[in-house]
Amino acid sequence: MMIGATLPATNLHFFQSRRSSFRCNGSRLNPSPASISTKSLVNTRKHISNLEKLLQNQSGRSELLDDPQVVEKSAHGLAGYVEPFFKSNGRNNRKCWLEGLNLSRIWHARQGTDEMSPRHLNKLKKLLSSNNVEYSPRNNLGCNKWREYHGSNDWLGLIEPLDENLRRELVRYGEFIQEAYHSFHSNPVTNEEEEGTRKVVLNNDKSYKVTKNLYATSSIGLPKWVDDVAPDLGWMTQRSSWIGYVAVCDDLNEIQRMGRRDIVIALRGTATCLEWGENFRDLLVQIPSETTDVEPEPEPESEPDEGQAKVECGFLSLFRTSGVNVPSLAESVVNEVQRLIEQYKGESLSITVTGHSLGAALALLVADEVSTCAPDVPPVAVFSFGGPRVGNRSFADRLNSKNVKVLRIVNNQDVITRVPGMFVSEELDKRLRESEFVNKMLNVLDKSMPWAYTHVGTELRVDTRMSPVLKPDADVACCHDLEAYLHLVDGYLASNCPFRANAKRSLAKLLNEQRSNIKKLYTCKPKELNIINLEREHSFSTPSCLPSPSS
């Protein structure tokens, strides 16, 4: 709207003079047009020079910079340089030009600023400090609900998305395995008369008490010359080693919360040289009908083996072989479970077998053995972390027929979960068997090939790349590490969801064990945040609540 249309003509000179005066007068706060033009031109020239360095790989850049028309247009803004550049190089090169600006560094800097906010630093300090472990209450599972979390329905509807109560239970059973690792490494030497003398104290969950020590014995030995060449190997070459324990819940409040009295069998992973040697004995052998001390041997090829349950030779050897002064793992666990069933006869009981790596493989053999060790055996479930394949398809069918429930926690980057065996993944195998012809052919191969392995039970698959803490290219050891598994379970929501934002499990142990695989933010900040004692052994006490995962 024109001013003259609304104001008297006598007042027009007032607005014109004020406007003219504003245009002519100058000050430090209102510089003259000449100074604006000069400074703008100088700044623009500098900006163009910087852009020239980023675009040095583009053709025609020197011509654009020397063109007076371009410089003149640049005095009015950056578009004076950008527009001729696009016109000369075409629309397809705009992407290259933007990549040359390296805008990702700008956004990364903004993200770093957000991560360094006081609120984030306080959370980071809690995660990295072992003295500030956050706890979340354990929900009451009830008299009937606990069976679902123990696998009565194969965890249907509890994995996608992951139920918060199941997440807590998985982390809790994983920490039982950590106690086994800690106890072994605190005293790895097995004495000739040790059985019954080793004391195991559960620091993570004091509502359980250890009732039995378990030992695994290798049926193979190292040549005598090894002791001459390397006499300091010590416990690394011993045939019998402490491998885990049996514990039972004896806290009335915890029994009421869980809805039953729980018997836990926890088994550690590979530690000694002979255990590694047994791991590589990967031929399938038939499971003996009765407990025996005789080393298992592969069946003759001429013997019909249709429908026979077979497992890896090395795993079965560690499970069945007795030591000089210690019984076999199979004998020890069966006798102890029978004793506990008789002791708590009439109560609601459950048997939970948990293990990591080699312990996960032995956990399946233990579950197979204890599921028929008494007339009325309580429900048996296996929670395994990073476990390899153990047996053939008939062995998996055998466990299913005994109503043994298995939940395997698998890291997508963990190679141990893909061995032994020579066939494709279980997912592809399942799709191939949808064809009747292919199914028959694969069945023939399963019965005739010595490496026809298959996994057992239900799978919960986590992924290292989803973690905001671990590097996406973490090494093999980190992807198989038990604490890394518990960290991933703590942050898991569903297969199509990002890492849980409110995951609060302490990172102190993970940082101490996998520092080279942790992102820089979490390795550089502890000193700035005055977090100390990260190199010491951490032990978390859990009187009545569970340290992360939190809901």
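How do the axes of helix 16 and helix 17 cross, and within what distance do they come? Keep that in mind while we walk there, starting from the sheet.

What you have open is a predicted model, where local features need pLDDT of at least 70, side-chain atom pairs count only at pLDDT 80 or more, and totals for chains, interfaces and linings use all residues. Residues are numbered from 1 along each chain as its sequence is written, and side-chain values use heavy atoms, with hydrogens and water left out.

Stop 1: Select the seven strands that make an open sheet, in the order 2-3-4-7-8-9-10, with mixed pairing. Helices (H or I, at least four residues) and strands (E, at least two) are DSSP runs, numbered from the N terminus, and two strands pair if DSSP finds at least two bridges between them. Now colour strand 2 (208–217) and strand 10 (458–462): these are the edges, each with a single partner strand, so one side of each has no neighbour in the sheet. On average, neighbouring strands here are turned by 20° against each other, direction ignored.

**Stop 2: strands 4 and 7.** Pick residues 261–267 and 349–356 next; these are strand 4 and strand 7, paired in the parallel sense over seven bridges. Click Leu267 and you'll find its bridge partner, Gly355, in strand 7.

**Stop 3: helix 16.** Show residues 358–370, helix 16, which packs on the sheet and touches several strands, including strand 3 (240–249) and strand 8 (380–385). Touching, or contact, means heavy atoms within 4.5 Å. The direction of helix 16 makes about 155° with that of strand 7. Axes are lines fitted to C-alpha atoms, for helices over the stretch in contact, and angles run from 0 to 180 degrees between N-to-C directions.

**Stop 4: helix 15.** Show side chains: Leu329, Val333, Val334 and Val337 of helix 15 meet Leu362, Val366, Glu369 and Val370 of helix 16.

**Stop 5: helix 17.** Back to the opening question: select residues 393–401, helix 17, and you'll see its axis and that of helix 16 come within 10 Å and cross at roughly 45°.
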